[in-house]
Amino acid sequence: MVEARAHEAPNPWHALPIAAIPTALATGREGLTTSESQRRLERQGPNALPRAQPPSGWAILRRQFRSPLIAILAVAAVVSLAIGDLKDGLFIAAVLLINGVVGGLQEWQAERQSQALQQLLRMRATVIRGGVALDIDAEELVPGDLVSLESGQRVPADLRLIGSSQLELDESLLTGESLTVLKSADWSGAADTPLAERLNMLFAGSTVVRGRGQGFAVATGPRTEVGRLALAVLGAAGGRPPLLRRMERFSRVIAIAVLVAASGIGLLGALHHGYGPMEMFLFAVALAVSAIPEGLPVALTVALAVATRRMARRQVIVRQLPAVEGLGSCTLIACDKTGTLTCNELTVRRIVLPDGESFEVSGEGFHPAGQVLREGRSFSGEHPPLARLARTAALCNEADLRRAEEDRWIWRGDPTDIALLALAHKLGWSREHGLERHPQLHRIPFEPERQYAASFHPIEGEDHVLVKGAPERVLAMCKPVPGRPSPHALARQMAERGYRVLALAEGPAPLAPPAEGPHPAGFEPTWLNLLGFVGMIDPLRPGVRQAIATCHRAGITVWMVTGDHPVTALAIARDLGLAPAGPGAVVTGRQLDAASPETLRGMIRGSCVYARMAPEQKLRLVNAARAAGHCVAVTGDGVNDAPALRAANIGVAMGRGGTDVAREAAELVIADDNFATIVAGVEEGRIAYANVRKVIYLLVSTGAAEIVLITLAVALRLPLPLLPVQLLWLNLVTNGIQDLALAFEPGEGDALSQRPRPPSEPVFNGLMIQRTLLAAAVMGGVGFATYDTLLRSGAPLAEARNALLLLMVLFENVHLGNCRSETRSVLQLSPLRSPVLLAGTVTAFLLHVLMMHIPFGQLMLDTEPVAPALWLRLVGLSLTVLLVIEADKGVRRLAAAWRRRRQRVPEAG
């Protein structure tokens with residue numbers, strides 16, 4: 001009955017009292033059993049939103065024939081068949097089919113890869129099953145599951161609240177209302193209450209902005225409110241990524257220029273040189289299709305998809321293809337400290353009591369093995385000051401640390417809380433046993449804006465409040481004790497040694513906060529007894545120092561943006577090589593708030609360490625950096641980071657420790673939460689951008705060479721140097737294989753030694769324009785001179801065209817070597833370093849040689865075998881484009897070396 005109702009129209013769960021919810025769902029406060037949840041999952045299906053079915057192979061193939069260029073080619077094929085030119089008509093039809101199959105295969109592979117990458121970005125959920133908290137894939141949720149939520153998480157299903165604490169949600173995804181909604185489990189309303197006013201309901205896809213909550217899943221997958229919306233919009237078309245749109249605009253500009261040139265050549269030949277109108281029409285169509293880089297969008301997508309796969313192997317998950325190139329263009333990385341630069345496995349290494357007595361704590365990580373020592377002597381929970389501190393560490397805590405097996409422990413929760421539980425275990429305290437003796441009455445959960453957490457318990461016959469938090473925040477709540485060392489000085493001394501410092505305190509609780517809703521204005525614990533300070537260390541991740549040094553060599557500025565104490569942040573930054581000694585090395589949140597726009601510009605030029613930063617301050621930093629001309633990549637893991645992630649040029653979320661909302665706001669996800677992985681992503685992004693430029697250079701320069709060749713022949717009233725089918729074949733051989741293979745080119749090994757490209761620099765920049773004109777002039781000019789010489793020597797027209805076609809194929813293969821690097825000599829790049837490019841080049845060349853020798857090829861292309869002497873001559877001529885471009889590269893290298901030398905040597909006087 002329960003499952004049947006879940007498939008029907010939504011029940012008015014918000015109108016039912018809390019006590020009726022477990023009965024209606026056939027569940028309880030201990031959650032479902034594993035067997036019952038599995039049975040419901042089999043009946044109801046996974047908790048997944050409806051997704052559009054991936055296109056079929058036939059649908060992908062049909063999409064390949066929607067291009068206007070393909071339509072022009074199809075018209076040419078029909079006209080050829082209508083006038084009885086069977087050979088040209090069939091060949092054009094074959095070209096259409098081959099182009100469609102090649103493009104369809106590439107798109108099909110990209111679609112498969114996109115589906116595979118989606119599996120890497122699965123949402124997780126915390127559920128209670130059989131009384132035990134489990135972290136599961138959200139797709140395994142079923143109606144009746146008891147789900148726990150906290151700040152920063154996305155709601156995985158429609159839930160009916162049964163408990164909440166200061167729970168605020170962003171429901172704009174459903175309601176369009178930008179203001180957050182305060183939820184309450186005790187709210188009740190009528191069955192017809194509008195969706196936006198159901199305060200005891202949480203809806204799938206909304207985001208927990210603040211607080212904690214617990215509720216039963218009442219609808220999953222397509223039966224949720226957002227699921228029904230998803231069903232309605234599945235047919236909507238998606239937008240095109242900005243980078244692809246820019247490239248398509250570039251392609252259209254080139255296409256218009258080529259069409260104008262081809263039409264002009266066609267009209268000139270038909271009106272003034274005596275060529276037949278139909279002959280020139282077919283020729284102009286073939287020239288346009290051959291010269292226009294219609295394969296550029298496909299090649300661009302392939303280049304980015306290749307980089308996406310390479311990034312995935314290096315733990316960088318790409319959510320949007322253009323972000324691949326964007327990360328490679330960044331000039332500044334604003335990075336979190338905890339979990340990204342450090343391991344995020346905090347360990348309490350030092351305890352300082354209010355009287356100045358200090359203790360060392362042994363052990364590493366979250367495993368609670370170790371001792372509390374002073375001068376080699378071990379102390380336990382029998383030491384009263386340590387016992388009180390351990391009690392507060394265990395009870396003012398929201399994490400879970402328990403033994404799974406004899407030597408294996410499992411944990412869940414905030415790293416700081418887990419480290420405190422590990423310390424409590426070392427002193428003989430556990431949260432479970434502590435709660436049995438001192439049940440929790442109320443709590444104030446930790447939030448970044450509050451900077452402390454509090455828990456209320458009965459101790460020795462009266463209510464006590466136990467507090468932990470930032471030293472300056474907790475010390476403001478504590479009563480002063482004369483004759484003791486300054487607690488502020490004790491905390492500062494610990495921070496100067498690189499510890500993350502927390503203060504712990506306790507005291508009577510004359511006023512307890514309400515169990516639900518916001519606390520009364522001005523309420524906070526006061527007149528407490530300071531218990532002491534704990535100093536935690538979070539070790540640096542392996543390879544982070546080297547990664548930051550690599551960023552500096554690559555011209556990328558790295559900022560550390562953290563909520564930690566300025567002294568702690570500075571100690572770690574110096575260890576990383578981020579901050580020099582001296583004043584002004586660290587900017588605090590207060591300094592940032594007080595800074596004018598002019599002062600802020602000076603701050604961001606002079607500092608790389610920002611401490612005690614709130615979310616809105618991090619957002620201001622990002623906006624200021626962008627205004628200063630930086631291309632900014634921002635890392636983040638919490639809901640508080642979402643505004644900065646969205647404001648950045650490239651948002652980078654953490655895959656392991658990150659929240660759902662942070663991942664949703666980002667373009668990239670780092671699977672291992674490691675800064676060194678971000679640097680690897682920068683390298684792959686730069687390689688991808690370089691490959692895009694190489695593909696553009698190859699396509700545009702070869703198309704321009706064909707236009708130069710044809711223009712010279714028509715202007716000098718020579719017969720057309722190539723037939724329409726030969727132009728189409730040339731286009732198929734060069735553009736259909738080599739450009740795609742060039743997208744697989746590996747990096748040249750110096751991607752991270754280059755300065756970042758200016759954000760305003762176009763893809764087709766001055767260097768590429770000059771190189772394109774130079775290569776087109778050489779290939780087109782030498783090709784025309786060869787054709788003219790053959791005709792003047794008495795060679796038949798068909799033989800001259802056959803030799804010219806072979807020369808152009810050789811030109812394309814040789815010029816491909818020029819395209820592999822903008823600066824390095826082709827002799828420095830082994831062909832074996834790029835197997836895909838080598839195989840593509842050899843395949844294209846052998847295919848043309850085969851068409852010269854088999855009857856079918858000879859019939860279709862008017863080709864024939866070429867004598868060895870002519871072969872050698874044509875090979876020698878094809879090397880001219882290599883020599884000219886190599887000379888150009890050499891001159892530019894010498895000029896760059898001279899400029900570097902001038903910069904190193906001061907001018908006299």
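Student: Where is Ser 607 found?

Tutor: Ser 607 sits in the loop between helix H21 (597–606) and strand S23 (609–611), where helices (H or I, at least four residues) and strands (E, at least two) are DSSP runs, numbered from the N terminus. Before we go on, note that this is a predicted model, in which local features need pLDDT of at least 70 and side-chain atom pairs count only at pLDDT 80 or more, while totals for chains, interfaces and linings use all residues. Residues are numbered from 1 along each chain as its sequence is written, and side-chain values use heavy atoms, with hydrogens and water left out.

Student: Is Ser 607 buried or exposed?

Tutor: Ser 607 counts as buried, at 3% relative accessibility; buried means under 20% relative accessible area, exposed over 50%, and partly exposed in between (1.4 Å probe, protein chains only). The C-alpha atoms of Ser 607 and Leu 578 are separated by 9.2 Å, and these two residues are 29 apart along the chain.

Student: Zooming out, how many helices and strands does the chain have?

Tutor: The chain has 31 helices and 26 strands, and of its 909 residues, 53% count as buried. The chain exposes about 39,300 Å², of which carbon and sulfur atoms supply 58%; accessible areas come from the Shrake-Rupley method with a 1.4 Å probe, and for residues only the protein chains shown count as cover.

Student: And what share of the contacts join residues at least 24 apart?

Tutor: Among contacts between residues at least 6 apart in sequence, 72% join residues at least 24 apart, a contact being heavy atoms within 4.5 Å.

Student: Which residues is Gln 726 in contact with, leaving aside its neighbours within four places in sequence?

Tutor: With those neighbours left aside, Gln 726 is in contact with Pro 721, Arg 801, Leu 805, Leu 861 and Asp 862. Gln 726 lies in helix H26 (residues 724–742) and counts as buried, at 0% relative accessibility.

Student: Switching to charges, how many salt bridges are there?

Tutor: The count comes to 27 salt bridges, with a salt bridge taken as a side-chain nitrogen of Lys or Arg within 4 Å of a carboxyl oxygen of Asp or Glu. One of them pairs the side chains of Glu 684 and Arg 314 at 2.9 Å, N to O. Glu 684 lies in helix H25 (residues 675–715) and Arg 314 in the loop between helix H11 (296–313) and strand S8 (316–318), so this pair ties together parts that are 370 residues apart in sequence.

Student: How accessible are Glu 684 and Arg 314?

Tutor: Glu 684 is buried, with a relative accessible area of 7%, whereas Arg 314 is partly exposed, with 31%.

Student: What does Lys 694 form a salt bridge with?

Tutor: Lys 694 forms a salt bridge with Glu 748, and their closest N and O atoms are 3.5 Å apart. This pair also links distant parts of the chain, since Glu 748 is in the loop between H26 and helix H27 (766–792) and Lys 694 is in helix H25, 54 residues apart. Glu 748 counts as buried at 18% relative accessibility, and Lys 694 counts as buried at 5%.

Student: What separates Arg 892 and Asp 888 in helix H31?

Tutor: Arg 892 and Asp 888 are four residues apart in helix H31 (residues 868–904), which means that about one helical turn separates them. Their side chains meet in a salt bridge (3.0 Å, N to O).

Student: Back to H27, what should its 27 residues span?

Tutor: At 1.5 Å a residue, H27 should span 39 Å, and its end C-alpha atoms are 38 Å apart, which agrees; the expected span is 1.5 Å times one less than the number of residues in the helix. Just after H27, Gly 794 takes a positive phi of about 95 degrees.

Student: How many disulfides does a search find?

Tutor: A search of the whole structure finds zero disulfides, a disulfide being a pair of cysteine sulfur atoms within 2.5 Å. For Cys 631, the closest cysteine sulfur is in Cys 330, at 6.2 Å, too far for a bond.
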